[in-house]
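Me: I would like a close look at one part of this model. Please keep the answer plain and connected.

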Amino acid sequence: MAVIDTTQSVLASSQQRPPIWRNSGVLKWVAQIVVLLLVLGAFWFLGSTAIDGLAAKNLTPSYEFIDGPANIQPSEGIDTAPSSAGRLLWVGMVTTLQVAIVGVILSTILGVLVGLARLSNNWLANRAASFFIETLRNIPVLVQIFLWFYVMSNTLPDLEAGEGRRFFILSQKGVSIPRIFYDDGFYQWLAFIALGIVPIVLARRYFNARQAAQGGQNLAGPATLAILAVFAIVGWFANSVMSFLGGIFGSNETAVDRVNEGGIAGAWQSIPQSLMQLLLTLAVFGLAIGFIIRFLNSRRTPAGLAKLTDDDYFRMIFAVVAAAFMTLVFWVLWPGLSSWIINSGSDFWGWLGDKFGDDRGTRPLDGMLPTVSDGRFANYGPTGATLTVFRAALLVGLVLYTASFIAEIVRGGILAVAKGQTEAAAALGLSRSQALRKVILPQAFRVIMPPLGNQYLNITKNTSLAIAVGLSDVVQVGQSVFNKNGQSLAVFTIWMAFFLACSLTISVIVNFINGRLEIVER
Amino acid sequence: MKNTKLFRLLAVLFAVTLFAAACGSSETADDSASGDDGAATDDSGSDDSGSDDSGSDDSGSDDSGSDDSGSDDSDTETVDVAQGSILAQVQDRGTLRCGVSGAAVAFSFTQADGSVTGIDADYCRAVAAAVLGDADAVEFIALTAAERFDAINTGNVDVLMRNSTWTQSRDTAVGMDFGPTTYFDGQQLMARASDGFSATSDVSEIDSAVVCTNAGTTTETNISELADTLGIGITLNTFEDFNIVTDGFIAGTCDVITTDGSALVGRKAEQQPDDQEWVIFPPTPISKEPLGPVYAQNDSQWADVVNWTVYATVILADEYGVGSADVDDALANGAPEVIRILGGEGEIQTAMGLSADAFYNVISQVGNYQEIFDRNLNPVGLSRDGSANASWLEGGLMYAPPAR
Amino acid sequence: MSQDASMSIADAGMSAELAARDDVIVCDGVKKWFGDFQALRGVDVTVKDREVMVVLGPSGSGKSTLIRCINRLEAHQEGRIIVDGIELTNDLRNIDKIRSEVGMVFQQFNLFPHLTVLDNITLAPIWVRKKARSEAEKRAMELLERVGIPEQAEKYPGQLSGGQQQRVAIARSLAMEPKIMLFDEPTSALDPEMISEVLDVMKDLAREGMTMVCVTHEMGFAREVADRIVFMESGDIVEVGTPEHFFTNPTEDRTKLFLSQIL
Amino acid sequence: MEQGAAVQAAAPPAPPTVPAESPGDWIRKNLFSSVGNSIVTVLFVLIGYAALRWLVGLVLDEERNWAAVWTNMRLLFSYTYPADQYIRIWVSLGLTLLMVGLTLGAFASQVRLSLGGLLTRIGAAGLALLVLAIVHMVDLFGLTFHSPERPVVVMLVVGAILAAIGFGGRQAVGAGSDDERTVPLFAVVAGGALAFVLFLWLVPFGRYEAIGGDVIAEPGTVNFTTKFPWTIMMALLVGGYLAGLAARAITGSTAFRLFLGLWWVAGPAFLVFLVLRDPEFDWAHIWSTDLPMALGFAIGGGALLYFLSAPGRGEVARIAGAVLLLYAAFNWLAAFGDLNLPGLGTINWQWYPFASPPAGVEGTSMLQKARISFLLLALVALIAPNFAGELRTRLRFVGAWAGFMLLMHWLITGINTPSTVQVVQPPFLGGFALTLVIAYYVMLASFPVGMMMALARTSKMPIFRVLATGYIEFVRGVPLITVLFFFANIVNLFLPNGMELSDLGAIFLGYTLFSGAYMAENIRGGLQSIRRGQFEASDALGLTTVQRTAFIVMPQALRVSIPNLVGQAIATFKETSLIAIIGGFDFLRVANQSVPSQPGFLGQNLPALLFISVIYWIISYAMSRGSRSLETRLGVGTR
């Protein structure tokens, strides 16, 4: 019985908590909270120092310069005479995105080709690809961009005045190719094509069911294409029937007019700011509560709610704190956000309504051949799509550099597919191309995708090197802006927001594709 | 028992550590107070009181690499500009920190042997010769267009000789003072004769041209304002580096380039390809670009030193023709004003806080204005004759107040 | 009342001699969740001094989780575990004490691949027990002799066979001079011809009077060495008894089903 | 056949030898095996011809003034480092080469290179030169033939000699026996060094000098200025290699490797701050302050640590560490001077004797290195119980602390002491030297940042995880150039009054924080590859978290992440070129701005850019090859 007594006494005595300095549960949180406070304190301290220092220099951070004059004119872009600094930054952002998107496409194509050549049986192709990869990836991309600029401007032929109406003109001022642009009827056309979704869904359902029942070829794919084609062709001529949407969307007028004109834009405009704030608050708290409910559900067992760990509680508290912080932002820190959402939402619908206006409805798309101006200076006319030498140097530098990495990724991905897979495919009687399409590439793609996403991120970030060749991307125009007005901190936050948004978008896309490719396994 | 003894020993040692830290600091403070070391400015941190760590020039930050990330803050330093005149700081330090461009032809550029030459570099040397008696006691701090004025405000450089234009806003709002102009420049444009340009062409003829210039300067604003006024459309490309501008012009990527006339003349003299005929226009520059020294505001003692260094070279060049070769002779039997300037009497210079022979050193080690001009600007094809940089005696603008 | 009831289940199948010994491990209503999965549903069990207890059960029944909770590799969420008179709580001192008193052998050996066999064994004595290196190495060599592979001391784990690796793992645990040894399916990852060399070491240990809790599928070992056998299913203890009782005359249907499948 | 030297360890069995085949067979098999293959071959011949012709034309164009590069070698590599102090650069380079030799000798002594492969490579290089020269002379599309200019003739001759040596030697050695005929790495290193020295002694270079814009060439003078130093350098390299072999045999590898490791971490700091900068030490100050303080921290702190690292003092150490940490934090707070709390008034630190005095007031203030030392002491005291043990263990721990303190104090003193080397244009290093120094220190400093962040991100503690994830993802989402802009232009606004980061300091800090995030991701990959069993076994043995991390987890994780870390190092090296954009005189900026601004070489950007590309390429390529062979040796890729 004595034994039982000791156990009992331990059971009784252990009810008291261990002292704080050796309670792992407490210490863990003390350490975390201390570090959190230090980090927040450091941010607060540095931030207040910066704001004080800037105020002393009459440079209190503000975003008012966005509506101020641009002061500078971008060398190229969607608008070379922007009306405000905000517009100027927007032009820079569009240029960045253009370069990034074109760079991603071109470097993927080139990289895949080089990667395949690297795997080729042909000695020469193999060596050439290897040379390409090893040379380009070991030289800094900035040096390459400079090199390409000097090389291009030193070797390309002069542009002759009066040359016109060719499909392709290459000169030291860049390259010009035919331009295809959307015309007035474009949006109606898109809306018309969107109508086709209904028959497409029906057709797909029908053909899928038929194949499930009777077997044989699944015609869902061809049928989708055919229906799309029909709607596109009919819509090309009949797109103006969609212009009634203009009245629904509203008009692109001033705020007061919009409310009077009605439509979605008007309705949007008449939302009071406090209502928008309330809606946003409800939305974030809804999200937080939804998260907590879903989380708790995932912890619910037939035997009742599972015991939650510290980490579990942290997640829930974090959700509520985040929602509370956002509420603070909506109501106190940045009340203008709500009116900005109202205005830009209204702007968007108004803009859309304008695109569907009654007087529109001509050809959706149009094209023009490049021309060269006849004046004193030989310059490309506005008709063609022109790639200036500056942009070309950046693009070529980025594409070649990135392609050399992509080639290695592609090669590695294909080599990573085990040899057994090829053999198994052959043993099943698949042809070489079938094996490649149905067995090797899907698996290789799975290996390739994550590092490829990283390269896309890199190319987007490296567009910022445009500053080296004077191309007006968001970093270059941003730098000009803060050189003029001293609002470096504000411009910096705009850069950060823009690039983080780009990065986030790319990772979302890559993760989505990755999720689709994921092999189901335990 | 043995253990407790050990603890006591430890306690004593620990106390010693604390004292060492404390004592060290007070001695440091004494050092700087005694003034042989001028702890006021950043580079003088020979006393390693961490709060005035290394200067900006000696990559003082790299210590973080040697220990760990925790000590990143050791890169910090104090800049205490408020203490005394820059003149005293420069004399304490023994070197002049002079902001230059480092890549401006004829103004300041780095030679293959590591030396810096150009008219701006020579004026840095002149100030050093006046203040320190040694024209070579200069540290040239190369600055980009964007960072140059901050360097003045933070005291990173004592004087800025970086072909900087004297403008109202810079003089007032940005918080600097400008010295006498050492070179009267003006923005001009350069185009090709094959495009139908001549030296007398008008700016309005560049309609629809691709115009290239360098970023972060007044030239960028000038040309776009002018284009607006004239109602012509141009495409404006701006670059950090003027080499790209010139290269684009040679290749034809740029139809017209624009910057200060002096730079255009220099580039034209050196880089014009055989088959292109470059012309600089319009005859009257589109802007006034008086270039000269820049220094921090509200330090009149330092301002006097820099200004009179410039005036001394101007007076002796244009009015008396005394150069580095005949300076000794002039000191012995020159005009009274020359002797005064060269320190024959002495009070004028010592009243400024300089040694009596300050300007003698300038002339003998660097030369007079004519010599500086000939040495740096003649080789790139620029001449004083008939320009604003000629002496007032010959109808130019180079004029110095009397020295008496 | 409930306390009494639980004690009766926990102490079932004990001989009078065994019941008279000290409690070394007491589990009282231990519950454990992994997310929404409940691995232990209130386990009550007591292990006595110098007792060898074998835990049986189908996979996923919570056997491993139970002994990992005893070593606090997993923190239990409800109920209490008392090891050698010390309760397992957040108290760092208690956790340290228990870990250095309880040795554990894993199914996958978990030797440190970047250290030699000798370093594997001496690491914890030096850094946890604060022993001198020379002393620790001497002890390590003795242990290697005992498990029969002194000649492998300078090799890396990757150069040894599975059975040798598991014996090193046992030596590594013994180097801490534990009062209790936990075995988590020590032979499951081994080739059949290597199982006996590990079991022999374990039997020696049992004979020397080590308190042991073994999760294993080796029925022969269980029958020969165990003082008591615990049968678990779905996070509950279904049946506790002596080997004779368990193998010859199990009371619960689920135990019978399990035995019929495995034997 | 890979380019460059094929490093082949002697240990793994070589593939069976392939019987020799005739060139015709080879061509048929590798170039024209099928119709498609033939088309590809023809296509690549045409593309290759056009590309090579264009490339050679670019280099040999008469508009390229290559004197811009040769004349500015000094500027490119060391910027304005004074010529009369050049012995310091030679000493640094010599020491570095010596250590390279030692390291090669100690770590790669087993490596043998295939003789046949080596000769084939030499021959191929010669052949490539010949092909380039011919491609330049023959215009296939216009069907014309250029008579060769002087450089082309040189190319032809050198190419022919190399091809003769390579292929002739290959024939002499005999085909198909590559795996038996190997040469030790030593022979290759020594041979290369010898060839280089012979080249310097036999080929007369001209010394170029730009004076007042005119380029003056004096034939035959470069030899006299550089052939002696370079001969010594090469002798040091080879001698170091031999010494490395010997030392490895005598001392046993562990101690020697520790020495080498310490050198590669701390040595460059010695070279840069003590040899190249040559601080003008104020000895009175050092005797009165610096040395006592360093000793005080080393001995006093060491004694404290000795006390705390006794077994069973875990809780004492935790409390002592916390108190010290508070004190260190307080010191930092007091260092910033008066603290303005909006709405709460001002906190005045003046009652504290070591607070920074307000601007313009004389007073005492704690030395920065004392503040750093207190902080470090606090952190080390917190982890001291993890390294407790018997006497020798404790002494080793205390010894490491004392050594580290002395080293740190000495370095900080050295760094903060002004240089005796007067440079015309600060910073005292520029060009390639600056690129190397920045890259090296960023790699070194971002390592602990990355390690901490990786540990925090994989930690079970949610706040650490959130903070680390936020930091890593934020940094990885933005371009380096914007981070550098921030640190070069804006960061000083964030620092309290009286503190300022120097330009290079700011660049270094920003780049380190940037690189640290990528480093963290690489290390995290290694951490995640460690199986759970390793953690459980460590826990079951009673190791603490710190011990587990230091002894079990990190060694394995780092080994796995070596290839990625080297990749990161290469990226760091290449991306230092971005410093040129924000105004640092690194390799790129000197080549792209300083050189083409000299009157004699106005606009000669291309030669300088091509030249630095080659240098960048050599370094990056060598690093990636080295990493690949390391990978093979560690067996990372072959699991």
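How many bridges join β1(A) to strand β2 of chain A, and in which sense do the two strands run?

Reply: The model is predicted. In it, β1(A) is joined to β2(A), residues 174-177, by three bridges, and the two strands run antiparallel. One position in this pairing can be named: A:L170 lies opposite A:V175 of β2(A).

The two strands belong to an open sheet of three strands in chain A, ordered β1-β2-β7, with antiparallel pairing. Its edge strands are β1, residues 169-171, and β7, residues 385-387, each of which pairs on one side only. From one strand to the next the twist averages 10°. A helix, α15(A), packs on this sheet and touches β1, β2 and β7 of chain A. The direction of α15(A) makes about 65° with that of β7(A).

The size of an interface is often given as the accessible area lost when the parts come together. Here chain A and chain B bury about 2300 Å² between them, and 48% of that is on carbon and sulfur atoms. On the chain A side, the residues that lose the most area to chain B are A:Q73, A:R376 and A:F377, which together account for 29% of what that side buries.

As for specific pairs, the rule finds one salt bridge across the interface of chain A and chain B. A:K173 and B:D255 form a salt bridge in which the closest N and O atoms are 2.4 Å apart. Ten residue pairs in polar contact are found across the interface of chain A and chain B, with both residues at pLDDT 80 or more.

Chain C holds an open sheet of four strands in the order β2-β1-β4-β5, with antiparallel pairing. At its edges stand β2 (37-48) and β5 (86-87) of chain C, each with a single partner strand, so one side of each has no neighbour in the sheet. Strands of a sheet pair through backbone hydrogen bonds, either parallel or antiparallel.

Going through the pairs in order, β2(C) and β1(C), residues 23-34, pair in the antiparallel sense over nine bridges. Within β2(C), C:V47 is the bridge partner of C:I25. A helix, α3 (residues 63-70) of chain C, packs on the sheet and touches β1, β2 and β4 of chain C. The direction of α3(C) makes about 120° with that of β1(C).

Next, β1(C) is joined to β4(C) by five bridges, again with the strands running antiparallel. C:D28 has C:R80 of β4(C) as its bridge partner. Finally, two bridges join β4(C) to β5(C), which run antiparallel, and C:V83 has C:I86 of β5(C) as its bridge partner. These two strands, β4(C) and β5(C), form a hairpin with two residues between them. In the turn, C:D84 has a positive phi of about 55°.

Key. Residues numbered from 1 in each chain as written. Chains lettered and ligands numbered in written order. Predicted model: local features only at pLDDT ≥ 70, side-chain atom pairs only at ≥ 80, totals over all residues. Heavy atoms only, no water. Buried area = accessible area lost by both parts, 1.4 Å probe. Salt bridge = Lys/Arg side-chain N within 4 Å of Asp/Glu carboxyl O. Polar contact = N/O pair within 3.5 Å; in protein donor to acceptor, adjacent residues only side chain to side chain. Pairing = 2+ DSSP bridges. Axes fitted to C-alpha atoms, helices over the stretch in contact; angles between N-to-C directions. Contact = heavy atoms within 4.5 Å.
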